[in-house]
Amino acid sequence: MKVLVINPGSTSTKIAIYEDDEMMFVKSIQHTVEELAPFKHINEQYEFRKNHILQELQQSAIPLNFDAVIARGGLLHPTPSGVYPINEKMKADLWNATMLHVCNLGAQLAWDIASLIPSCRSFIADPEVVDEFDDVARLSGNPLLPRFSIFHALNHKAISRKYAKSIHRNYEDLNLIVAHLGGGISVGAHRKGKVIDVNNALNGEGPISPERAGTLPADQLVELCFSGKYTKEELKKLLNGKGGLIAHLGTGYVPAITQAAEQGDERSILVLDAMIYTVAKEIGAMYVTLLGQVDAILLTGGIAHSEYCMSRLQKRIDYLAPVVLLPGEDEMGSLAFNAIGALKGELMCREYLG
């Protein structure tokens, strides 16, 4: 089985080709700030990104003869974990989504490229809106403000299955806490194959992260909203995009910040410690969610490469359960795994109904 994988990111479009479980080609197509500046809405980037993908395949002499094209899922309506054939309802919901992220273009890209190839299928898998919450986790302190499941579902699931396989267990038999540590940070409680609680990693909940503010003091936030100093869009940007490390230090680039901290910069030390502290608190909360019955704590994402950050985080949590470092992310491999499993009939496909 030959599969094309597409993963749109804020400043890149990653593509990879797999033959069964072996990666044959990978490319991260970078998009500069200047290239993206003319696009005022995410949807306006569609043709730009599609043309880049097709040009890259052509320049690399890769023919369009795939069995499936699978893309990173977008911000759909809440949906269970699984593999989803792309349908018209899904495309419409992503095109008209109120929550904007470039990953919303993935399904349309996969559908349109697959349509160029006879008998080629198109999928998404484990989109960011995977919802397996316990009912009790949905309530906040006000019924007007319910909690939503939005997190790095694809990497959470991929890393969990990878870890389970490494210890010759099934993911569905384990209780895990997974912390994805990237530009956004999500910490989830995985109980027997379902993420029963996780912080909203997109819209302002949970730990401080490189780009996102996380949970903020509610009364002070209300005062800020009505101060007249910021527009609605500017305030949202303070939560996601210009929050977290960027707000405190002017950059979210963790390697540079850790270098400054190691050289004794007190502000960098304090802000990094605050981020690590809030991650540890969130892990502690998920430990309680799982009633203390935790087989392992998995630390993944780009920040998991940082010895500085991980050594400090581990000191705060290693008495709870075994801590396992799985740096980076395997989103491309996970997408390919899901597509091939669906093609072979080894994974059940779900129908997206919206």
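This is a predicted model: local features need pLDDT of at least 70, side-chain atom pairs count only at pLDDT 80 or more; totals for chains, interfaces and linings use all residues.

Author: Residues are numbered from 1 along each chain as its sequence is written, and side-chain values use heavy atoms, with hydrogens and water left out.

Reader: In what order do the five strands of the open sheet stand?

Author: Helices (H or I, at least four residues) and strands (E, at least two) are DSSP runs, numbered from the N terminus. Two strands pair if DSSP finds at least two bridges between them. The pairing in this sheet is mixed, and the order is β9-β8-β7-β10-β11.

Reader: Which strands are at the edges?

Author: An edge strand here pairs on one side only. That holds for two strands, β9 (194-198) and β11 (323-327).

Reader: What is the average twist from one strand to the next?

Author: Axes are lines fitted to C-alpha atoms, for helices over the stretch in contact, and angles run from 0 to 180 degrees between N-to-C directions. From one strand to the next, the twist averages 25°.

Reader: Which residue of β11 stands opposite I297?

Author: Strand β10 (residues 296-301) runs parallel to β11 and is joined to it by five bridges. β10 also pairs with β7 in the parallel sense over five bridges, and there I297 is the bridge partner of I177. In β11, L325 stands opposite L299. The residue opposite I297 is V323.

Reader: At what angle to β10 does helix α11 run?

Author: Contact means heavy atoms within 4.5 Å. Helix α5 (residues 153-166) lies across β7 (175-181), β8 (185-191), β9, β10 and β11, and runs at about 130° to β10. Helix α11 (residues 307-317) packs on the sheet and touches β7, β10 and β11; its direction and that of β10 make about 160°.

Reader: How many salt bridges does a search of the whole structure find?

Author: A salt bridge is a side-chain nitrogen of Lys or Arg within 4 Å of a carboxyl oxygen of Asp or Glu. By that criterion, the search of the whole structure gives 11.

Reader: How far apart in sequence are the parts that R72 and E128 tie together?

Author: The closest N and O atoms of this salt bridge are 2.7 Å apart. R72 is buried at 16% relative accessible area, and E128 is buried at 11%. R72 lies in strand β4 (residues 68-72) and E128 in the loop between β6 (121-125) and α5, so the parts tied together are separated by 56 residues.

Reader: Is D126 buried or exposed?

Author: D126 meets R161 in a salt bridge (3.8 Å, N to O). D126 is in the loop between β6 and α5 and R161 is in helix α5, so the pair ties together parts 35 residues apart in sequence. R161 is partly exposed at 27% relative accessibility. At 2%, D126 counts as buried.

Reader: What accessible area do L224, Y230 and L238 have together?

Author: Patches are made of residues with over 30% relative accessible area and no salt bridge, with like charges joined within 9 Å and nonpolar side chains (Val, Leu, Ile, Met, Phe, Trp, Tyr) within 5 Å. Accessible areas come from the Shrake-Rupley method with a 1.4 Å probe; for residues, only the protein chains shown count as cover. Y230 lies in the loop between α6 (218-225) and α7 (232-239) and is partly exposed at 34%. For this nonpolar surface patch the total is about 220 Å².

Reader: What is the phi of H168?

Author: D20, in the loop between β2 (12-19) and β3 (22-30), has a positive phi near 55° and is not a glycine. H168 is in the loop between α5 and β7 and is exposed at 74% relative accessible area. Its phi is also positive in a residue other than glycine, near 60°.

Note on methods
Buried means under 20% relative accessible area, exposed over 50%, partly exposed in between (1.4 Å probe, protein chains only).
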